[in-house]
Amino acid sequence: MLRQLLSGFSSIHVGLQVGYLISILIEKGIPILLEQTSRRFPKRKVKSFGVEDRISALPDDLLVRILLLVPTKDALATMILSKRWRSIWTMVPKLDYLEMISDDTNKVVIGGLLGRLLERFFGRNDQKRLWLLRFIDESLQAHKAPVLEALAIGVDRGRHVDVVDVGNWIKKAVHSRVRELGFILRWSAEPTRLPNNLYTCDTLVSLGLSNKILVDVPSPACLPSLKYLILDSVVYKDEDSLARFLSSCPLLKTLIVERHHQDNVKVFNIKAPFLVFLSYHYVKLEPHGEAIEGSLVIDSPALKKIFITDHSRDSYSIENEPRLEKANINFRCYPDDRFRTSLSSVMCLELVLSFATFSWFSTIGYSYLMECKIILVHDLDWLQPLMFLLQNSPNLKVLLIDKVGTLIHSSNNKIKSKCDSQPLGIASQTFIQVAEELPLSWNQPSSVPGCLSTHLEIFEWREYKGRNEEREFINYIFANSKCLKRAGFSLKSTGNHKDRKNMKDLESMYRVSTSSQLLFSTQVEYMSVSGETRE
């Protein structure tokens, strides 16, 4: 999750110090490259124009600003250019060591001049990985910037945990008044307790902790500037430690959680008065399919956006009934009445229809709902409940129906450079199965839903198959949606005989909105109310 930012390093001992490596690069590497270049490009007589190296003559602070514009791996490579450049990179206030690992191949991908030299001296990728680990350790010790604005770092699944002291990395970052910190620990050892000074860092704005990390928060703890927090598959000492962690963040606005069943928490209590965005992902069960009996308790009155994917069957409750604006719900439990009531204020809803959510359409009034996506993956007779939703959503503008297995709850997962923007995203993905072809029932309602007469503008259906009840439903939508601008249908293949028949059938249906467009595609792109394209 936190990387998809990182795939991991491999740990093999290489008894080579970074300082010695740098000397090798300068003393031997550059001559080797020059020799290779001279063989590829024979010398020619050229006229010398006496070109001056004006870049190196710039002041240090301007060179640092230039290096901020390039990836960390390229900034590090400038140390071998000349003596003038040897220490400039140590003043760069943003370091992202995660980008040196390929997400697809798990390989060290240091490019450019430095990468070519490493390839020559360390042909094996595992050796390069350990060199990188040592380099991170020593480069952090050599770092001289008075303020470390951002640090992203990760350690591999290897078993050699004594190569470096990762706690010193955290201490160095805190001492450098770090503002954004992303730390991934994937080694095979037991979860590691981080230094106590991490939980009293008054400059930290964004924090991401992932995998083999033991969250053991001391008392007192205080993170007065922290606004964005990721807790990805970490282990908590106990529930009190989790409570102390969240209570130590009085300004927390974004919380992203991915849990596993061995995290030592039964009641996951989220109490954050200024929390605006919550993403909670918990799908792993106990061995043999037995889930832990637990609960999620949310006490965040300022909450506006909530994304929940949970197959654990835990109970849900919400305090203070926040006025939610956007919700993405995929769970199997039956939440309490206050949780359901909090959804009545949403403007954008994405819902996996299940037995747990089946009754919501008829019991909740969605007066503010403008965009709704319904995902059908369970064995349900869903057409009538959907009509209840339309009856209870007078301002609905966009209705999307998805009948195919899909990835729910996904987004980019990068730690951005600017602290003012949301630096932590989530990419939690859950594959859900395609709905079975069960009998459907369709009864035309006695009155036309208000949203069809006055608001519905976009209607889209992914994996439309043209069953009789579905055709009657579509025919009703077309005949009563006076404001419809676009109707889109995603088909498996426009060359398939059955799909061509469905297309002609849809084209022949009467549409009361004469200006509406009818679109067909093998991959419909959903358009949100705000005009943003969504897959």
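## A tour of the predicted model

Start at P220, in the loop that runs between β6 (213-215) and β7 (228-232). Helices and strands here are DSSP runs numbered from the N terminus, helices being H or I of at least four residues and strands E of at least two. The peptide bond from S219 to P220 is cis, with omega near 5°.

Before going on, note that this is a predicted model, in which local features need pLDDT of at least 70 and side-chain atom pairs count only at pLDDT 80 or more, while totals for chains, interfaces and linings use all residues. Residues are numbered from 1 along each chain as its sequence is written, and side-chain values use heavy atoms, with hydrogens and water left out.

Next, select S233, in the loop between β7 and β8 (235-236). S233 is not a glycine, yet its phi is positive, about 55°. With 14% relative accessibility, S233 counts as buried (buried means under 20% relative accessible area, exposed over 50%, partly exposed in between, with a 1.4 Å probe and protein chains only).

N320 is another stop for backbone angles. It sits in the loop between β14 (315-318) and β15 (326-331), and its phi is positive at about 65° although N320 is not a glycine.

Just after α6, R177 has a positive phi of about 60°.

Show R259 and Y282 together. The charged end of R259 sits over the ring of Y282, 4.4 Å from the ring centre (a charge sits over a ring if NZ of Lys or CZ of Arg is within 6 Å of the ring centre and within 35 degrees of the ring normal).

Then select W360, in helix α9 (residues 360-363). W360 is buried, with a relative accessible area of 1%. Its C-alpha atom is 9.8 Å from that of S344, 16 residues away along the chain.

Aromatic rings come next. The structure holds 20 aromatic pairs; rings of Phe, Tyr and Trp (its six-membered ring) pair if their centres lie within 6.5 Å, and planes under 30 degrees apart count as stacked, over 60 as edge-to-face and the rest as tilted. One of the pairs is W461 with F473, edge-to-face at 6.3 Å centre to centre and 65° between the planes. W461 lies in strand β21 (residues 458-462) and F473 in helix α12 (residues 468-480), so the pair ties together parts that are twelve residues apart in sequence. W461 is buried at 0% relative accessible area, and F473 is buried, also with 0%. Both belong to one aromatic cluster, whose members include W382, W442, F459 and F520.

Between β21 and α12, find R467 in the loop. R467 is buried, with a relative accessible area of 18%. From R467 to N502 is 9.5 Å, C-alpha to C-alpha, and 35 residues in sequence.

Which helix has an axis that comes within 11 Å of that of α12? Select α10 (residues 383-391): the two axes cross at roughly 15°. That makes α10 roughly parallel to α12 (angles under 35 degrees count as roughly parallel, over 145 as roughly antiparallel, 65 to 115 as roughly perpendicular and the rest as oblique).

Notes. Axes fitted to C-alpha atoms, helices over the stretch in contact; angles between N-to-C directions.
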